[in-house]
Amino acid sequence: MDFKSLFRPGILATRPYSPGKPISEVQRELGLKTVIKLASNENPEGPLPAVLEAIADAARHINRYPDAACHDLSARLAEHLGVQPQNLIFGNGSNEVIDMLIRALVSPGENVVFSAHSFIVYPLTTRVHFECGRAVPLGPGDRHDLAAMAAAVDDATKLVIVCNPNNPTGTYNTAAEFDSFLEKIPPRVIVAVDEAYYEYVTAADYPQTLPMLAEHPNLVILRTFSKIHSLAGLRIGYGVGHRDLIAELHKAREPFNVNSLAQAAAIACLDNWHEVAGRARRNAEQREAMAKALEKMGLEVVPSQTNFLLVRAPGQAGEWARRLLEKGVIVRPMDAFGLGEGAMRISIGLPGENRACLEALGEIIGS
Ligand SMILES: Cc1ncc(COP(=O)(O)O)c(C=O)c1O
């Protein structure tokens with residue numbers, strides 16, 4: 001049976017998402033006891049004790065379907081953000097909200113604009129969905145060329161996705177740049193700003209997008225509990241937007257898309273928001289120390305506002321990433337992101353993990 005002939009061209013043109021390798025897989029494959037994962041921009045600090053307690057409590061009720069409307073979580077997050085629950089939609093990770101936006105908005109022949117060398121899910125999802133992606137090259141300094149992105153919008157554009165700060169470069173666009181970009185986008189085009197790394201940002205001129213919603217009803221803000229909140233394994237993220245836009249988006253949502261453990265854990269994260277500042281500070285300290293040490297090794301490090309660093313070493317970075325793996329340090333080669341052998345992405349780990357990574361990289365470079 002030739003199953004290939006049954007599937008849409010977009011599926012045939014797509015290679016499956018290739019995630020950072022799990023620790024257990026590397027241990028199994030290479031027979032290593034100790035493996036350090038700095039590949040998927042996770043929070044190495046792990047979930048808070050209060051979050052684990054909330055999950056254990058909720059686990060007693062998993063014979064029941066979750067609250068499809070995420071009622072309690074919506075109320076809690078709405079209060080936290082200063083919006084209404086009707087402005088919120090939750091997904092099985094913010095990934096799912098990206099998917100919902102594309103599925104709900106784009107018909108055949110229409111397109112979605114985003115940056116080349118941005119979050120890999122944008123080209124993957126748009127390829128599967130009518131091959132509707134339109135990638136715009138990054139500008140100088142590995143930052144989004146927002147003027148070029150605005151210029152790429154045409155009559156058939158339904159959605160523009162701006163990842164800010166950007167994965168995998170770690171760079172950001174300023175409030176002034178984002179403001180002027182929004183002014184250029186016709187109100188009939190939805191702008192999704194993917195702020196997965198929002199809580200890590202320390203730059204004073206980073207855009208605060210929530211207050212922009214009032215003036216720009218075509219704006220949707222995407223955030224996640226996977227990163228600073230340490231819930232990557234539970235899968236929960238959300239979108240914030242105009243209530244009428246969100247109401248339409250709910251129609252593209254699967255009925256029980258967010259599990260009950262994730263809902264309980266997210267509420268506990270919001271109840272413990274005071275922990276975020278410390279997590280962001282510790283990340284920033286390690287990020288700066290890592291960047292300095294890598295630069296001392298002669299590598300080019302892209303300035304980052306996130307919990308990872310893009311490290312350039314033309315012609316060598318891909319090979320180094322593979323050799324780091326053999327030494328039990330998983331970083332992310334950037335071939336899937338279209339950066340080939342030129343770069344690797346290193347997530348910020350705990351101080352000891354970062355030291356081990358630097359040591360292993362030093363050995364590889366010096367060998
Ligand atoms: C820019 C960006 N958006 C979204 C996500 C996905 O987040 P989630 O785990 O909420 O699906 C990631 C995860 O790496 C990301 O880097």
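Pro168 sits in the loop that runs between β5 and α8, where helices (DSSP runs of H or I, at least four residues) and strands (DSSP runs of E, at least two) are numbered from the N terminus. This is a predicted model, in which local features need pLDDT of at least 70 and side-chain atom pairs count only at pLDDT 80 or more, while totals for chains, interfaces and linings use all residues. Residues are numbered from 1 along each chain as its sequence is written.

The loop between β5 (157-163) and α8 (175-184) also holds Pro165.

| Cis peptide bond | Omega |
|---|---|
| Asn164 to Pro165 | about -5° |
| Asn167 to Pro168 | near 20° |

Another backbone feature belongs to Cys70, which has a positive phi of about 45° although it is not a glycine, and which is placed in the loop between α3 (49-59) and α4. As background, most residues other than glycine have a negative phi, and most peptide bonds are trans.

The chain also contains an open sheet of seven strands with mixed pairing, in the order β2-β8-β7-β6-β5-β3-β4, where two strands pair if DSSP finds at least two bridges between them. Its edge strands, each pairing on one side only, are β2 (88-91) and β4 (133-136). Within the sheet, strand β6 (residues 190-194) and strand β7 (residues 219-224) pair in the parallel sense over four bridges, and Ala192 stands opposite Val220 in β7. Helix α4 (residues 71-81) packs on the sheet, where it touches β2 and β8 (237-240); a contact between two residues requires that their C-beta atoms, placed from the backbone, lie within 7 Å.

α4 packs against helix α10 (residues 260-271) as well, at an angle of about 25° and with the axes 9 Å apart; axes are lines fitted to C-alpha atoms, for helices over the stretch in contact, and angles run from 0 to 180 degrees between N-to-C directions. The angle therefore makes α4 roughly parallel to α10, a term for angles under 35 degrees, whereas those over 145 count as roughly antiparallel, 65 to 115 as roughly perpendicular and the rest as oblique. On the side of α4 the contact is made by Asp72, Leu73, Arg76, Leu77 and His80, and on the side of α10 by Gln263, Ala266, Ile267 and Leu270.

As for confidence, which pLDDT expresses for each residue from 0 to 100, the chain has a mean pLDDT of 96, and 100% of its residues reach 70 or more.

Conventions:
pLDDT = per-residue confidence, 0-100.
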